[in-house]
Amino acid sequence: MAILKFSASAVAAQIAHARACKTFLPNWNGPIDRPALILIVGNGVHLRSNGIDGTTTRIVTTEQADPSFAFADGMNPFRDTDWMAQRRIAFRDLTGQFYTDILDDVQVLIDRGQGTIRLATDGHSIRVFVRRASDYLIGGTYEVPSGLGGTFRVILKDACDTFAIVQNCGNCEDFDAMQPYRVPLDALMEIDDRRAA
């Protein structure tokens, strides 16, 4: 998993553009009737509006980029000399256009005064990444999806910006005997957090 960081003000400008448009770039399934953000992985990594007006082209390509788009930190070909290496770390050799459904979630963060928008990607999905490692209590009890359709209760052993090291605790004996393991940081759920696993 990679964390992409964007300037909230640059993303806000793309959202404002999308909301000001009446027509939108289609996605792979056909026409779109609402504003959205598109993540482009190609000549840099950037978020752009899906809106079409007199200043945008109908066709989006990974070869074209505009300095006004919201570029991920370290992946701006207009400023960063090693942007290709940073893009490769985050996406390997994957390039393309990703229609996202994050616009409303990102707008909430902008409205709260967030200066940086953080997105998590595994190369195939993009989601808003709200919390940081410092938001979690080392030694605290959390739940994580089990991969079996339920959750495991765990103790947090360590955390970084993207992953947490956890130890099963309070489950059945066989599961609690497992060695500590790594999970995406945003998989940690407060015990009273009832997100779907």
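I looked up R92 and found it in the loop between α2 (83–91) and β7 (96–99). Helices here are DSSP runs of H or I with at least four residues, strands are runs of E with at least two, and both are numbered from the N terminus. I noted that phi of R92 is near 55 degrees, a positive value in a residue other than glycine. R92 is exposed, with a relative accessible area of 61%. I take exposed as over 50% relative accessible area, buried as under 20%, and partly exposed as in between (1.4 Å probe, protein chains only).

**Basis.** I am reading a predicted model, in which local features need pLDDT of at least 70, side-chain atom pairs count only at pLDDT 80 or more, and totals for chains, interfaces and linings use all residues. Residues are numbered from 1 along each chain as its sequence is written, and side-chain values use heavy atoms, without hydrogens and water.

**Four-stranded sheet.** I traced an open sheet in the order β6-β4-β3-β7, with antiparallel pairing. β6 (70–71) and β7 stand at the edges with a single partner strand each, so one side of each has no neighbour in the sheet. I count strands as paired if DSSP finds at least two bridges between them. β3 (residues 37–42) pairs with β7 in the antiparallel sense over four bridges. Within β7, Q97 stands opposite I40.

I then checked the helices. α1 (residues 8–20) packs on the sheet and touches β3, β4 (44–49) and β6. The direction of α1 makes about 40 degrees with that of β4. α2 also packs on the sheet, touching β3 and β4, and its direction makes about 115 degrees with that of β3. Contact means heavy atoms within 4.5 Å. Axes are lines fitted to C-alpha atoms, for helices over the stretch in contact, and angles run from 0 to 180 degrees between N-to-C directions.

**Strand β8.** I found β8 (residues 116–121) mostly covered, with five of its six residues buried. Six bridges join β8 to β1 (residues 2–7), and the two run antiparallel. F6 has I117 in β8 as its bridge partner. Three bridges join β8 to β9 (residues 126–128), again antiparallel. Here T121 has I126 in β9 as its bridge partner.

I placed L148 in the loop between β10 (141–145) and β11 (151–159). L148 is exposed, with a relative accessible area of 67%.
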